[in-house]
Amino acid sequence: MNFTSLTFWIFFALLFLTYWLVREGRWQNALLLFASYVFYAWLAPWYAVLLGVSTLVDFTLARQMKPQGDKAKTYLILSLVLNLGLLAFFKYYDFFNTQVAENLTSLGLSVDWLFIKVFLPAGLSFYTLKKLAYMIDVSRGTLQPSDDLISFALFVSFFPQLIAGPIDRYQKLMPQIEQKRLWQSSFFYSAWPLLVMGLFKKIVVADSIRPIVDRIFGLDQPSLVLVIAGTLGFTLEILADFSAYTDLSRGAAQLLGFNTSENFNRPYLSLTPTEFWNRWHITLSAWLRDYIFFPLRRALLRRKERLPNWLLLSIPPLVTMFISGIWHGAGITYMIWGLYYGFLIAGYQLLGLRGDWKPAGRFKTFFAWLVMFVFIAFGWLIFRAPSMTWLSDVLLHSGWTHGREDWVVASILLSRTVVYSLPLIIKYLLDQYRPRGFIQPFYYAALTLSVVIFIGSTTSDFIYFQF
Amino acid sequence: MHEFKQYLLSLIVLTGLVSGYVFYRYADGYPFPIGAQFDADIRDKYRHLLNEEDPQILVMGDSVARTNVVSNLMAEGTSKRVSVISEDGAGSALLYLILKNNIVNADSKPYTLIVLFRDTVLTSTAFRVHGNFLAIMDEFAGADDDLVLQLAIRDRMNPLERLAEAYFPPYWARAHLQAILASRILYLPTRTLLGCSLECSDEAMNSVFGNQNFDPDQFNRAINLAENFLYTDENLGFDHQIDQSFLPKIIQLCKKNNIRLILVRTKTLRFSREAPEPRALTEYIDSLSSYASHNDVALIDFSHSERLRPALFTDINHMNSDGKKVFTEMLVEAIGPILNP
């Protein structure tokens, strides 16, 4: 069930009516849990079984933990091994198995079973991080383990966030799950702009840009002009696609009485890589910061007499962003993309340009923005490239253009990118200069009508489903 | 609350304005007809081809018919005149229209019609019937071919879509409105800066994105993705699909016109040791085979042939020049006993 499909909205309407008719909190939670598992099993029933078993294991392990002592550590390690093992298996099996199987076959061993294709269950990467944060916090003693299985299972499987986040923490979601929820009209008034915006960004913007971008990145050796146009197109597509999912997710959660986290805060206006990651996929960045970056930096600071300053500044971002890269997918491009941001963050920090850095003067600010935007776009080029060989071939051996046709196609894609990014720029300007008044509702009405005009019988999946 | 009221009001005003434009520019009546309409003109290029070539055997299919069959070699092997009809990307709806409005209307009808197909194409009624394919279907369809639209498009719409098509002008006219956006805004810089018209832009797109320019792995992935539709639970359910598909009509037309029909399942590299053919597809092919034999139609299945090695393919569906020869030889061998029982 895709958030833009009719099936989903029928499912949601049925749930919505039943949910608000049931006024008892425990029954509401049970209903939401049931709906979340139906939603997930709709994709593949075994996904729901895997989710259920892993949730039960973590619930049990967390309850066995004592706030301090070796036992908590043991249970935490067990949980880490299970969760990360599962994630690594599903995410990287296909990446390694062919090579391993071929090597074993060359040694004369029969390994046909190794050729089985393993599909990554959608959302596994997201709910694994949710559970890991909970387990780490319980082991640290900053969180009391839940003694309500239904509430805990709902926290893990809450369907608006299940497939592609936001990765909300237990501390944010659980109090809302535990409290009594009664219908308020404010839920609807907060939700509708998010739903309109989400549908517009996905159906009109992302799905209109995607076909040409996909084709350019499918070419054997496109010219640089095409690659630049494709990169800019993808830069818009991925923002529209992923933030659309977040908007729809947040809107659906709002209608059920939940306030979930924002994941995007105008990321392409960032001036530094640190600021970019504070604005892009915010809940993932916060997770990486709290559970990898800070602990690593604290560990290094304890040895600061033995380590040079540049190493102290470089290792945490490099390691954190490398992990972010491999979390996004199995493939060299993702690793390089992660390291690329690691180096960028470290480089900016070594130059003294921290996340909150703001240059003096409009020209300098514009220049800093332009430089960062080029870095961001280049990052998306690495991320979207089919392989590093393809990318290096294109960058080193492709000419600027293979003919006039390249200019024509590039200009078609660039016009689309500009035209489809205009509504997002207008939204930013309205939020800045006309947050109240008739123009905002008029803007949303225009977007709604565009959705009607652009809607098709089929919509592609959201990009972040694959992670 | 106040903002939402303003939103609704704006939406009503904007919808009214767009609807007024749609009525003024495009509408003939109200409620609107649901789904596309075919015009009366029928392109008859294949009728002419048959009249010119007078083939005894006609091979028909999508681009695979062109890349997999050497007509001269087949003519030599069978000692019969052979023609090939290949429409890129053709689904069963288009093949049916070509048969109905071109082949059976030709003065020189073939004795044998060989239809090349992949997996569930013959009963996946809604496969490749939208966008450009709808325009191509329109070329081979007449105004009385409404049944094709009914089966391929209207029956697939959900009630909400049908309601919106009939009564909501912006939705009914969405293809026109998108075309306006494309021609007036999206292509404007290309036209102004590069002096390239819409046709010139289309030519550039076709040239840059020609099949030969794609990275083979990427291209195969794209084909796989595009053809996922053939392997949905719905399309793998033979019993459910057959009665609403064009296959019974194709069989009926051939029988009525004394054309011997042979169905040939081609090989695709979509399935491999890593991702074997799903059981539902095997069951589907068993059902198709029983159905064909029940209707006295021959079914030849090359999908698991070891002779069609991966090295003979240019992508997961199409064969290279060596593969084309091997495929044709196999086809000649396989149809021999059917042509000369």
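Predicted model: local features only at pLDDT ≥ 70, side-chain atom pairs only at ≥ 80, totals over all residues.
1. **Helix crossing in chain A.** The crossing of α9(A) and α18(A) is left-handed; that is, the near helix is turned anticlockwise from the far one by less than a right angle, whereas clockwise would be right-handed. Helix α9 spans residues 185-218 of chain A and helix α18 spans residues 439-454 of chain A; their axes come within 9 Å and cross at roughly 45°. Axes here are lines fitted to C-alpha atoms, for helices over the stretch in contact, and angles run from 0 to 180 degrees between N-to-C directions. α9(A) and α18(A) are therefore oblique to each other. Angles under 35 degrees count as roughly parallel, over 145 as roughly antiparallel, 65 to 115 as roughly perpendicular, and the rest as oblique.

2. Residues are numbered from 1 along each chain as its sequence is written, while chains are lettered from A and ligands numbered from 1 in the order in which they are written.

3. **What α9(A) and α18(A) bring together.** α9(A) supplies A:P193, A:V196, A:M197, A:L199, A:F200, A:I203, A:V204 and A:S208. From α18(A) come A:Y444, A:L447, A:T448, A:S450, A:V451 and A:F454. Contact means C-beta atoms, placed from the backbone, within 7 Å. By class, this contact has 11 nonpolar, three polar and no charged residues. Ala, Val, Leu, Ile, Met, Phe, Trp, Tyr, Cys and Pro count as nonpolar; Asp, Glu, Lys and Arg as charged; the others, Gly among them, as polar.

4. The axes of α2 (residues 25-43) and α3 (residues 45-64) of chain A come within 5 Å and cross at roughly 130°. That makes α2(A) oblique to α3(A). A:Y37, A:Y40, A:A41 and A:L43 of α2(A) meet A:P45, A:Y47, A:A48 and A:L51 of α3(A). The contact of α2(A) with α3(A) has eight nonpolar, no polar and no charged residues.

5. **The sheet of chain B.** Five strands of chain B form an open sheet in the order β2-β1-β3-β4-β5, with parallel pairing. Strands (E, at least two residues) and helices (H or I, at least four) are DSSP runs, numbered from the N terminus. Two strands pair if DSSP finds at least two bridges between them. The edge strands are β2 (82-86) and β5 (298-301) of chain B; each pairs on one side only. Neighbouring strands are turned by 20° against each other on average, direction ignored.

6. **Strand β3(B).** Six of the six residues of β3 (residues 112-117) of chain B are buried, so β3(B) is largely enclosed by the rest of the structure. Buried means 20 or more other C-beta atoms within 10 Å of a residue's own; exposed means 12 or fewer, and partly exposed lies in between, with C-beta atoms placed from the backbone. B:T112, B:I114 and B:L116 point one way, and B:L113, B:V115 and B:F117 the other. β1(B) (residues 57-61) pairs with β3(B) in the parallel sense over four bridges; B:I57 has B:T112 as its partner. Six bridges join β3(B) to β4(B) (residues 260-265), also parallel. There B:I114 stands opposite B:I262, and B:V115 partners B:L263.

7. **Between the chains.** The contact takes 41 residues from chain B and 34 from chain A. On the side of chain B, α1(B) gives the most, with nine residues. That side divides into 26 nonpolar, 10 polar and five charged residues.

Definitions and conventions:
Contact = placed C-beta atoms within 7 Å.
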